Amino acid sequence: MNRTPRVLIAADKFKGSLTAVQVAERVTAGLRRVAPRVEVESLPVADGGDGTVDAAVAAGFERREVRVAGPLGDEVTAAYALRGDTAVVEMAEASGLQRLPKGVFAPLSSSTYGSGELLRAALDAGARTIVFGVGGSATTDGGAGMLSALGARFLDAHGEPVAPGGAALRDVETADLSGLDDRLSAVDLVLASDVDNPLTGPKGAPAVYGPQKGAGPDDVATLDTALAHFATVLEKAIGPKAAGYASAPGAGAAGGIGYGALVLGARFRPGIEVMLEVLGFAAALERATLVITGEGSLDEQTLHGKAPAGVAAAARAEGKEVVAVCGRLALPPEALGRAGIRRAYPLTEVEPDIAKCISDAGPILERVAENIGRDFLV
């Protein structure tokens, strides 16, 4: 370890307790209590889901706010991030679960229209590269609402526009994409997601993620059938590639908005890889002697494309030591080691009461960070 260690804090949010920015602030405070001279660089990260715009803003992007349709059609204020001609757009800002009234779910009728409006705002701002982070959605409409906001038309047997939401897609007879915004063809659209599910089937968007959005078994069946029908209609409009998009990795992301993005010409990439590039992680990593990553729960899902796994893999490739903070730890040491994480520090290690860990996460995380400081910096 260098005489003056330099710590890079590249952690995701503790969902429901702390934002990624707050995690970095609390860890920094704890480290400095035991190692006052430590140099700390904070680079909050996200994997494409909720918090992605905040991570970009923390890295120097400009926050832009626009009024768009929420998942139920009511107007909300949503943000995207812009730096030069690169925009970071987060679908959850417009169409996320957090945009629904507390305790309300609308799995059949919620729409991604506002996400399309966000993409249009980024185009209006001159974006030539758009990182489209998807996750945390309230919707299962295959991206139909988003496509509609960008100029597509989905009509029923009477030539009328179908209603918003995934269930209404069973009524689509005609898909007309001729009115799509011309600017999309000149943009590098990157679909950034931590999931690689197809659109439909046992591993598709309705079956795997529908229940999280309030969909019961009958709703899941309705949505799966409607999305499959939607893809068939799109095949008539744009040819066999529509079927290819439906089975492609990422098509089922965020209620199938991944499918809509692929129809627009997006290329799918793991969200954390894209975000690390956009945020300038490589340069920050070069300056670091120790990397601290983390998220609310370190579990089996973490290992499959979540932010801490991506940070640890990149750091290990450069020979940097990595430790993790988390609210809850559900991985054995050997699994952490394979992921490139030397040791994990859960909040429950210093406060066994899980309810307190959630309600008082900040102060407890500072105590956890003090332990990291003692173990690695003193």
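For these legends, Ala, Val, Leu, Ile, Met, Phe, Trp, Tyr, Cys and Pro count as nonpolar, Asp, Glu, Lys and Arg as charged, and the others, Gly among them, as polar. The views below come from a predicted model.

**View 1. The largest pocket and its lining, by class and by element.** By that sorting, eleven nonpolar, 16 polar and eleven charged residues make up the lining of the largest pocket. The pocket has a volume of about 970 Å³. Look for Lys15, Asp194, Glu295, Gln301 and Lys306, which are the closest to its centre among the 38 lining residues. At least two lining residues come from each of helix 9 (253-263), strand 11 (290-298), strand 12 (321-329) and helix 14 (354-359).

**View 2. The second largest pocket.** Here the space amounts to about 280 Å³. Its lining has 19 residues, with Lys13, Thr19, Asp50, Gly51 and Asp54 nearest the centre. Helix 1 (20-34) and helix 2 (52-58) are the elements that give two or more residues, and helix 2 has the largest share, with three. Seven nonpolar, five polar and seven charged residues line this pocket.

View 3. Follow the strands in the order 2-1-11-12-13, with parallel pairing. Strand 2 (39-42) and strand 13 (343-346) are the edges, each pairing on one side only. From one strand to the next, the twist averages 25°.

View 4. Strand 1 (residues 6-9) runs parallel to strand 2, joined to it by four bridges; Leu8 has Glu41 of strand 2 as its bridge partner. Helix 12 (residues 307-317) lies across strand 11 and strand 12, at about 160° to strand 11. Helix 15 (residues 361-376) packs on the sheet too, touching strand 11, strand 12 and strand 13 and making about 150° with the direction of strand 13.

How values were computed: Residues numbered from 1 in each chain as written. Predicted model: local features only at pLDDT ≥ 70, side-chain atom pairs only at ≥ 80, totals over all residues. Heavy atoms only, no water. 1 Å grid on protein atoms, 1.4 Å probe; cavity = no way out; pocket = protein on both sides within 12 Å on 5 of 7 lines; lining within 4 Å. Points joined across faces, edges and corners; volume = space filled by probe spheres on them. Pairing = 2+ DSSP bridges. Axes fitted to C-alpha atoms, helices over the stretch in contact; angles between N-to-C directions. Contact = heavy atoms within 4.5 Å.
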